[in-house]
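Subject: Structure for your review

Hello,

Please find the structure below. Some notes on it follow.

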Amino acid sequence: MPLADHLRELRNRLAKGLLAITVVTIVAAFYSEDLMRFLSDPVPRCEGGLGESTGGSCAVVSFNTLLSPFTTTVKVSLMAGIIVASPVWLYQLWAFVAPGLHKSERRYTYAFVGAAVPLFAGGAYLAYVILPISMKVLLGITPDGSANILALDDLLDFTVRMVLVFGISFELPLLLIMLNMTGVVTGRRMVGWWRGVVMGVFVFGAVVTPTTDPVGMIALAGPIIVLYFIAVAFSLINDRRRLRNNPDAELDDDEASDIDLTPAGVDEVAAVPSARALPEQASSASTDKDRRLNGFDDVT
């Protein structure tokens with residue numbers, strides 16, 4: 001299609017995706033209170049208010065500013081709209097990109113999405129499971145006699161950040177598998193990386209998790225390491241299959257393959273008759289004979 005038609009189609013696809021997000025956001029606004037309660041459930045509440053808040057045993061969830069109830073409601077509703085309407089806007093994005101892909105590229109895309117969605121969901125669920133433990137550890141540092149007053153918008157940001165960190169981190173092994181499928185990284189090289197990967201994953205878990213407790217770090221690093229070794233096993237099997245189909249598959253771009261350099265036999269040389277003399281060369285036979293060498297004249 002011409003460029004103007006592509007831009008027009010992109011505009012229509014974006015409009016449909018934004019319309020779906022807007023509709024779901026408006027519907028989610030009516031259930032915003034239930035959503036905020038669900039996201040703040042991991043916090044141990046003080047039933048009697050601030051008077052019962054002794055040290056790190058519990059906390060009180062509050063709104064700190066006049067606009068906080070409104071902004072938090074809009075934020076939660078918009079987040080729910082983006083998540084619930086994701087099948088619609090992801091389909092619109094795919095429908096715009098898919099016509100330019102080959103059949104094999106579409107197959108790889110289906111496999112990638114089919115594996116990425118459950119991995120992200122598993123990481124998000126794990127984050128929500130360990131949130132109560134992490135919050136108890138963090139609140140436990142509070143000295144006795146002090147009250148923990150948590151702003152609800154900050155609490156929601158903390159919860160969403162934990163979910164996103166765990167969900168995206170679970171995609172790292174899938175990225176390694178895709179690099180192996182494209183021939184960038186081999187399974188043997190991944191095996192050689194295992195010590196550095198284990199150390200790096202624990203450091204990564206300690207840095208990216210919003211909590212400072214070791215529970216969150218171990219809960220994030222442990223599954224990623226398991227998934228990493230699953231990716232290594234898959235890559236080794238895939239490399240063996242690729243090598244079986246193509247013995248030169250593991251060669252680098254600048255590495256020569258094995259070539260048989262044994263000289264082949266040459267057939268007997270056939271005699272080539274001399275060419276006929278040109279009209280301007282036919283004046284003198286002796287001169288023409290003198291000019292010829294092995295049946296060819298000097299001009300030839």
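In which helix does Asp153 lie? Asp153 is in helix 6, residues 152–169; helices (H or I, at least four residues) and strands (E, at least two) are DSSP runs, numbered from the N terminus. This is a predicted model, in which local features need pLDDT of at least 70 and side-chain atom pairs count only at pLDDT 80 or more, while totals for chains, interfaces and linings use all residues. Residues are numbered from 1 along each chain as its sequence is written, and side-chain values use heavy atoms, with hydrogens and water left out.

Leaving aside residues up to four places away in sequence, Asp153 touches Ser68, Thr72 and Lys75; a contact means heavy atoms within 4.5 Å. Asn64 is 89 residues from Asp153 along the chain, and their C-alpha atoms are 9.0 Å apart.

For the protein chain as a whole, there are 11 helices and two strands. Their order along the sequence is α-α-β-α-α-α-β-α-α-α-α-α-α. Of contacts between residues at least 6 apart in sequence, 74% join residues at least 24 apart. Of the 300 residues, 28% are buried (under 20% relative accessible area, 1.4 Å probe, protein chains only).

The accessible surface is about 20,000 Å², and carbon and sulfur atoms account for 66% of that surface (Shrake-Rupley method, 1.4 Å probe; for residues, only the protein chains shown count as cover).

Tyr31 sits in the loop between helix 1 (3–29) and helix 2 (32–40).

Regards

How values were computed. Buried means under 20% relative accessible area, exposed over 50%, partly exposed in between (1.4 Å probe, protein chains only).
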